[in-house]
Each structure stands twice: as C-alpha cells, then as structure tokens.
Amino acid sequence: MYSLKEAWIRMHGSEPVADWDGKIYCAETDAAITFRANRTRGYMSAYTFTLVLGGTLNIVYNGQQLTLGADDLYIYSPGMSVDILSASDDYRGICLLADEFVTIDTPAAHDLVHMAYQPFVQLNRPKLTLRHDDALSLAVKMKEIIHYLHSDHIYKQKILQMQYAVFLLDMQNAQDRAIAHRSVTGRVEDIFIGFIRLLPKHFSRHHDIAFYASELNISKVYLSRVVRQVAGRTVVDYINQFLTMEASFLLKTTDLSVMQIAERLNFADIASFSKFFLRNKGMSPKSFREEG
C-alpha cells in the first residue's frame, strides 16, 4: 500500500511542505479536498483522524455506509477500504494523518492501534460522536499541529512528536468519555487489538489462524471467538481483506507479473492466487489490472 507521503502526492500532486518527513500531517479540509482521498482507492498504510466541524460527509468504510456530522471523529485504519460518497457544500473538517510504519513503534504513538480501534471494538463502528467541548479541544490541538508543520522552527520535528502525543492522549480521554457502556471486557479488547496489530506485519506470509493465535499465546478457537464477538467477522475474513487489498494495489500500481504477486503474497502457485482473487474481487487478476 501507499506510504503516507506516496498517498499525499497521489492525492495532491506534490508534498505539502518542502521539508516534510512524511510522518505526520494535518490540514483543514472541505468537500473538494476530501474527494481527493478517492484517488488512493483506500490503499494507504496510514492512520487518519478526521474531526467534522460542520456539514455532513457520507462514506463507505469497509463495506459499511456512515454519515458523519459535526463533532464526529472518524478514524481510518490501514488495510480498510474507504470511498467518499458525498459531502454537503458546507462540509468542513480537520484531518490528521500519521504514517503507520514510522509512527506505530514510537513512544508517542505506542497506543495508536488501541486508540484507533477502540471505537470499533466498543461500538462496532469506526466513528465516535464526541461531547462538543471535547471536539473543540481536539480541534485546537490539531490546529496547533498545522501551525508548526508550516513553521520554520528549528525544533519542529520534536515539537510535532510531542503535539501528536498530546493529541492521542486527548483523543483517548474523549473516547473514554464518549463510550459510557463498554460492550466487551478489557481482555477481549486487548486480544482483538493485538490481532489487528499483528496483521499488517504478517498477513503476506501467514494466512493461517494458528500463527496469530500462537503469537498471542491463545488457542485458535479462542481467537476466532474473540474476533467474531467483537467484529461479527472471522479471522480469515480479516486476513483475506488485507491480502485482497494488497493484491489489488500491486496489480494497479506496479509492473509485477501475476506470478510475482502470487509469490510475494505467499500463495502456493498462480492458480491458487487467481482463484482467491476471483472469489474476493469477482474477476481475474488480469481483468482487474486491465480495468480502468
């Protein structure tokens, strides 16, 4: 999938600032800017946090249609498909983007996966309707990030890391206050999020439930039960989703042969890969590549 920097250039044609390191970016957005996100087809290995300030936005996130309004916080997580369907003329928001692989293991973002998935775990949807004062507080933090991104401060990168950490903590606080009744236990939540944390790193090599259960020190049956309880889906559904998205990305954006893609994604042969892709996308890899 695209890194944050690659995705931004595809959406906007150039880097946002001359000295941008591709780790974190934040910007105010409107309907026209938001629709540019469709240019990446959802192939983005970055987290995005979109706070709606006014108007409405309609999207399809991982097959689920959502309507976002004022004080809604929408969180995109890597590997999930998303399409912007429509936006009202008065739609306004602020969007904070954080590259997955350059932020996920930093101290400032050690709870990033947990915070990104908590709304989904507890409410089975990737959005939260925040208290108005919490939404205003997050908006202030995001605008401070925008200010420093476009400054020439000699300690800009360190300040941005600190501001990002503060934003994540404020977001955690807002989430905890928005989720009044927790739908699953902490143990179940931790297992599900642990599984989601493992997926981006290992899906291309490990297509089996046993690997993820072993990494989490639980049985295959228990992992399957947890994922179904939280998301109403199976472990295999999630693995196949990541495989399908990465295969689609490679077919559309590279010159790798179908055989090379099958090998990269650890399929036994081209026939098994083609059968898998046909089942999940409704067409052969070749037809998908040739499609406009």
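Analyst: Strands here are DSSP runs of E with at least two residues, and both helices and strands are numbered from the N terminus. With that naming, Thr-50 sits in strand β2, residues 46–54. One caution: this is a predicted model.

User: Noted. Is Thr-50 buried or exposed?

Analyst: Thr-50 is buried, at a relative accessible area of 8%.

User: What is Thr-50 in contact with, sequence neighbours aside?

Analyst: Leaving out neighbours within four places in sequence, Thr-50 is in contact with Asp-72, Leu-73, Tyr-74, Tyr-91, Ile-94 and Cys-95.

User: Back up a step. How many helices and strands does the chain have?

Analyst: The chain has 13 helices and 8 strands.

User: And what share of the residues is buried?

Analyst: Buried residues make up 50% of the 292 in the chain. The accessible surface comes to about 13400 Å². Carbon and sulfur atoms account for 52% of that surface.

User: What about contacts between residues 24 or more positions apart?

Analyst: Take the contacts with a separation of 6 or more. Residues 24 or more positions apart account for 72% of them.

User: Cysteines next. How many disulfides are there?

Analyst: The structure holds 0 disulfides. Cys-26 is in none, and its nearest cysteine sulfur, in Cys-95, is 7.3 Å away.

User: Switching to helix packing. At what angle do α10 and α12 pack?

Analyst: About 100 degrees, with the axes 10 Å apart. Helix α10 covers residues 235–253, and α12 covers 270–281.

User: So what do you call that arrangement of α10 and α12?

Analyst: Roughly perpendicular. That label applies because the angle falls in the range of 65 to 115 degrees.

User: Which residues meet there, α10 against α12?

Analyst: On the α10 side: Asn-240, Leu-243, Thr-244, Ala-247, Ser-248 and Leu-251. On the α12 side: Phe-273, Phe-276, Phe-277, Asn-280 and Lys-281. By class, that contact has 6 nonpolar, 4 polar and 1 charged residues.

User: Now the loops. Where is Arg-36?

Analyst: Arg-36 is in the loop between α2, residues 31–35, and β2. Strand β2 is where Thr-50 sits.

User: Which residues does Arg-36 touch?

Analyst: Met-11 and His-12, not counting residues up to four places away in sequence. At 32% relative accessibility, Arg-36 counts as partly exposed.

User: And how far is Arg-36 from Ile-84?

Analyst: They are 48 residues apart in sequence and 8.9 Å apart in space, C-alpha to C-alpha.

User: What about Asp-152, where is it found?

Analyst: Asp-152 is in the loop between α5, residues 132–149, and α6, residues 156–178. Asp-152 counts as exposed, at 75% relative accessibility. From Asp-152 to Asp-19 is 133 residues in sequence but 9.5 Å in space, C-alpha to C-alpha.

User: Is Asn-217 buried or exposed?

Analyst: Exposed, with a relative accessible area of 70% for Asn-217.

User: Last one. You mentioned α8, so where does Ala-210 lie?

Analyst: Ala-210 lies in helix α8 itself, residues 209–215. Ala-210 is partly exposed, with a relative accessible area of 35%. Ala-210 and Val-221 are 11 residues apart in sequence and 9.4 Å apart in space, C-alpha to C-alpha.

User: Great, that covers my list.

Notes
Residues are numbered from 1 along each chain as its sequence is written. This is a predicted model: local features need pLDDT of at least 70, side-chain atom pairs count only at pLDDT 80 or more; totals for chains, interfaces and linings use all residues. Side-chain values use heavy atoms; hydrogens and water are left out. A disulfide is a pair of cysteine sulfur atoms within 2.5 Å. Axes are lines fitted to C-alpha atoms, for helices over the stretch in contact, and angles run from 0 to 180 degrees between N-to-C directions. Helices (H or I, at least four residues) and strands (E, at least two) are DSSP runs, numbered from the N terminus. Angles under 35 degrees count as roughly parallel, over 145 as roughly antiparallel, 65 to 115 as roughly perpendicular and the rest as oblique. Contact means heavy atoms within 4.5 Å. Ala, Val, Leu, Ile, Met, Phe, Trp, Tyr, Cys and Pro count as nonpolar, Asp, Glu, Lys and Arg as charged, and the others, Gly among them, as polar. Buried means under 20% relative accessible area, exposed over 50%, partly exposed in between (1.4 Å probe, protein chains only). Accessible areas come from the Shrake-Rupley method with a 1.4 Å probe; for residues, only the protein chains shown count as cover.
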